[in-house]
Amino acid sequence: MNTLVITGTQSTPDIVCDPVLGTVVMKGDSYPENSFEFFHEVIGWIEQYLEESAGALRLELHLMYMNTSSVKAMMDIFDLLEAAFEKNRNVAVQWFFDPDNERVEELAEEFREDCSFPFEVLPHG
């Protein structure tokens with residue numbers, strides 16, 4: 001399985017999906033014109049990783065802004081993690097936020113309430 005690297009733009013986050021580390025890291029803003037198309041490859045990578053690997057998967061988010069369609073894509077990713085967790089897979093989310101950005105913290109907390117797998121909301125240190 002290959003590492004997936006998507007270089008960010010002004011409206012899309014940097015994304016690195018690393019099968020060796022078992023991590024998906026996203027950094028930046030997320031308001032692409034077509035979020036479904038943008039996140040399609042990432043969602044496919046996560047599905048493949050969960051099917052082909054028995055290893056843990058940790059999603060690390062450093063997102064400063066997300067539009068509504070990006071929120072929907074993130075919900076799809078969390079649904080994948082929830083289904084995997086229900087099958088006893090080791091999955092987790094760490095969502096880092098800027099303490100000056102209350103909106104992102106609130107959004108992360110809302111997501112956390114809907115997830116049963118380990119989900120941390122952490123201020124940038």
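Entry 1. I began with residues 6-123. Their end C-alpha atoms lie 25 Å apart. The span is 42% helix and 31% strand. I note that this is a predicted model. I then checked the UniProt record. An unreviewed entry there places the feature "domain: SiaC family regulatory phosphoprotein" at residues 6-123.

Entry 2. I found an open sheet of six strands, in the order 1-2-3-4-5-6. The pairing is mixed. Which strands are at the edges? They are strand 1 (4-6) and strand 6 (119-123), and each pairs on one side only. A reminder to myself: strands of a sheet pair through backbone hydrogen bonds, either parallel or antiparallel.

**Entry 3. Strands 3 and 4.** I looked at how strand 3 (residues 23-30) meets strand 4 (residues 57-66). The two run parallel, and eight bridges join them. I picked out two facing pairs. Methionine 26 stands opposite leucine 61 in strand 4. Serine 30 stands opposite methionine 66 in strand 4. Is strand 4 enclosed or open? Seven of its ten residues are buried, so strand 4 is largely enclosed by the rest of the structure.

**Entry 4. Strand 5.** I moved on to strand 5 (91-97). It pairs with strand 4 in the parallel sense, over five bridges. One of the facing pairs is leucine 57 with valine 91, its bridge partner in strand 5. How many residues of strand 5 are buried? Seven of its seven are, and the strand is mostly covered. I then sorted the residues by direction. Val91, Val93, Trp95 and Phe97 point one way. Ala92, Gln94 and Phe96 point the other way, and all are buried.

**Entry 5. Helix 1.** Helix 1 (residues 35-52) touches strand 1, strand 2 (14-18), strand 3, strand 4 and strand 5. The direction of helix 1 makes about 165° with that of strand 3. I checked the length. Helix 1 has 18 residues and reaches 26 Å from its first C-alpha to its last, close to the 26 Å expected at 1.5 Å a residue. Where does helix 1 bend? It bends by about 30° at glutamate 41.

I listed the buried residues of helix 1: Ser35, Phe38, Phe39, Val42, Ile43, Trp45, Ile46, Tyr49 and Leu50. The spacing made me recall a rule. An α-helix has 3.6 residues a turn, so residues three or four places apart point the same way. What covers the buried residues of helix 1? The cover includes strand 1, strand 2, strand 3, strand 4, helix 2 (68-86) and strand 5.

**Entry 6. Helix 2.** I did the length check again. Helix 2 has 19 residues, which at 1.5 Å a residue should span 27 Å. Its end C-alpha atoms are 27 Å apart, so the two values agree. The buried residues of helix 2 include Val71, Met74, Ile77, Phe78 and Leu81. Among the elements that cover the buried residues of helix 2 are helix 1, helix 3, strand 5 and strand 6.

**Entry 7. Helix 3 and phenylalanine 111.** Helix 3 (residues 102-113) also packs on the sheet. Helix 3 touches strand 4, strand 5 and strand 6, and its direction makes about 165° with that of strand 6. Is phenylalanine 111 buried or exposed? Its relative accessibility is 7%, so phenylalanine 111 counts as buried; the cut-off for buried is under 20%. I left aside neighbours within four places in sequence. Phenylalanine 111 is then in contact with Val71, Met74, Met75, Phe78, Trp95 and Phe119. I also looked up a distance. The C-alpha atoms of phenylalanine 111 and methionine 26 are separated by 16 Å, and the residues are 85 apart along the chain.

**Entry 8. Two loop residues.** Asparagine 88 is in the loop between helix 2 and strand 5. Its phi is near 70°, a positive value in a residue other than glycine. Asparagine 88 has 73% relative accessibility and so counts as exposed.

Alanine 54 is in the loop between helix 1 and strand 4. Alanine 54 is exposed, with a relative accessible area of 76%. I took one last distance. Alanine 54 and glutamine 10 are 44 residues apart in sequence and 35 Å apart in space, C-alpha to C-alpha.

How values were computed. Residues are numbered from 1 along each chain as its sequence is written. This is a predicted model: local features need pLDDT of at least 70, side-chain atom pairs count only at pLDDT 80 or more; totals for chains, interfaces and linings use all residues. Side-chain values use heavy atoms; hydrogens and water are left out. Two strands pair if DSSP finds at least two bridges between them. Helices (H or I, at least four residues) and strands (E, at least two) are DSSP runs, numbered from the N terminus. Contact means heavy atoms within 4.5 Å. Axes are lines fitted to C-alpha atoms, for helices over the stretch in contact, and angles run from 0 to 180 degrees between N-to-C directions. UniProt positions are given in the numbering used here, feature names are shortened, and annotations may be inferred rather than shown by experiment. The expected span of a helix is 1.5 Å times one less than its number of residues. The bend at a residue is the angle between axes fitted to the seven residues ending there and the seven starting there. Buried means under 20% relative accessible area, exposed over 50%, partly exposed in between (1.4 Å probe, protein chains only).
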